[in-house]
Amino acid sequence: MWYIYSHNSGLTKVAKGKAYKMTKTVKITPLRGGLYMLQGDGGNITALVGDDGILIVDSDEAWMAPKIAAALKTLSDQPVRYVINTHFHGDHRGGNGHFALQGAEIIAHANTLGNMLKDTYSRAEPADMPTLTFDTEYSLVFNGEEVRLLYLPNAHTDSDIIVLFKNANVVATGDVFSFGSYPFISTGTHGTIGRHIEAQQEIAALTDSETLIVPGHGDLARKPDLLETNERLASIRDYVVTLKGLGISRSLARGFYPTYAWRADWRNAYVTDKMFLALVYNTLPE
């Protein structure tokens, strides 16, 4: 028994996975204007709470849905009326079905629905599917807050949207902006480093010094955090543009350490230096 649990066996991995899920909690950070940021296991959630009910931006992993629902119950006894998906990846929309089966409407860009129908990596159930889709922009008023959804194509995926809470001056960015880690760029759905950088600059233009930014992953941010991240990404992109223009291959480019601009304390994440360099290199024009 000691051998099994002290080595990286399949049984150990299963046990560790179950223990992790059992002990995982949800962190709630109050924002303003009835808004909260919830951090569970997947993408960050923004919750708008009031007399009309609850609206959430993204819904974490499917297995986290009961924990997210329990956390929301500590904020309000009202039901979740709306779930907005910033894109189609399972760590941001996995809990859709849990809330949809309780009556929530799911809002997303049209490409999110299309991608969910095709996604074999994180397969979606019928209840997970968006019930209201749009192409460029969509707005609603909920709990007295003007909620504006804007499409920023081909930054992280071809289905990215951001959600602006105008009165509270809060923006939920989805994975167009992850704070404190390399971004993942979904090349399979037309994401590129160039558009990723541009989209972040478009978000910055919609914010001011008082704006609270809920990133797709990472802690609550402000405009300077977004601008710093954007500047570092642009430095890496420009360096790789030069290397690629000189005919240096992707594998050889690693020797020039093009990710030098990234902070050391931001490197311990899912997307490694090697992986991020490949994403940048592969999404640059030939």
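Colleague: What do the buried residues of H8 pack against?
Modeller: In this predicted model, the buried residues of H8 pack against H7, strand E12 (212–215), helix H9 (250–253) and H10.

Colleague: And which residues of H8 are buried?
Modeller: Those are Leu226, Thr229, Asn230, Leu233, Ala234, Ile236, Val240, Leu243 and Lys244, in a helix of 23 residues that reaches 32 Å from its first C-alpha to its last, close to the 33 Å expected at 1.5 Å a residue.

Colleague: What comes just after H8?
Modeller: Just after that helix, glycine 247 takes a positive phi of about 85 degrees.

Colleague: Which residues touch the most other members of the largest nonpolar core?
Modeller: That core has 36 residues, and the ones touching the most other members are Ile162, Ile193, Ile236, Val240 and Phe276. Two or more residues come from each of strand E10 (161–165), helix H7 (193–205), helix H8 (223–245) and helix H10 (273–282), and H8 gives the most, with 6 residues.

Colleague: What does valine 240 touch?
Modeller: Leaving aside residues up to four places away in sequence, valine 240 touches Pro258, Leu277, Val280, Tyr281 and Leu284. Apart from the core of 36 residues lies another core, of 23 residues, among them Leu31, Ile107, Val147 and Val163.

Colleague: Changing topic, which residues of helix H3 are buried?
Modeller: In H3, which covers residues 65–73, the buried ones are Ala65, Ile68, Ala69, Ala71 and Leu72. They cover an arc of only 160 degrees around the axis, so they sit on the same side of H3.

Colleague: What covers the buried residues of H3?
Modeller: The cover includes strand E1 (27–30), strand E2 (35–39), strand E3 (45–50), strand E4 (53–57), strand E5 (80–84) and helix H5 (96–100).

Methods: Residues numbered from 1 in each chain as written. Predicted model: local features only at pLDDT ≥ 70, side-chain atom pairs only at ≥ 80, totals over all residues. Heavy atoms only, no water. Buried < 20%, exposed > 50% of the residue type's maximum accessible area, 1.4 Å probe, protein only. Helix = DSSP H or I, 4+ residues; strand = E, 2+ residues; numbered from the N terminus. Arc of directions from axis to C-beta. Contact = heavy atoms within 4.5 Å. Core = buried A, V, L, I, M, F, W, Y, C linked by side-chain atoms within 4.5 Å. Expected span 1.5 Å × (residues − 1).
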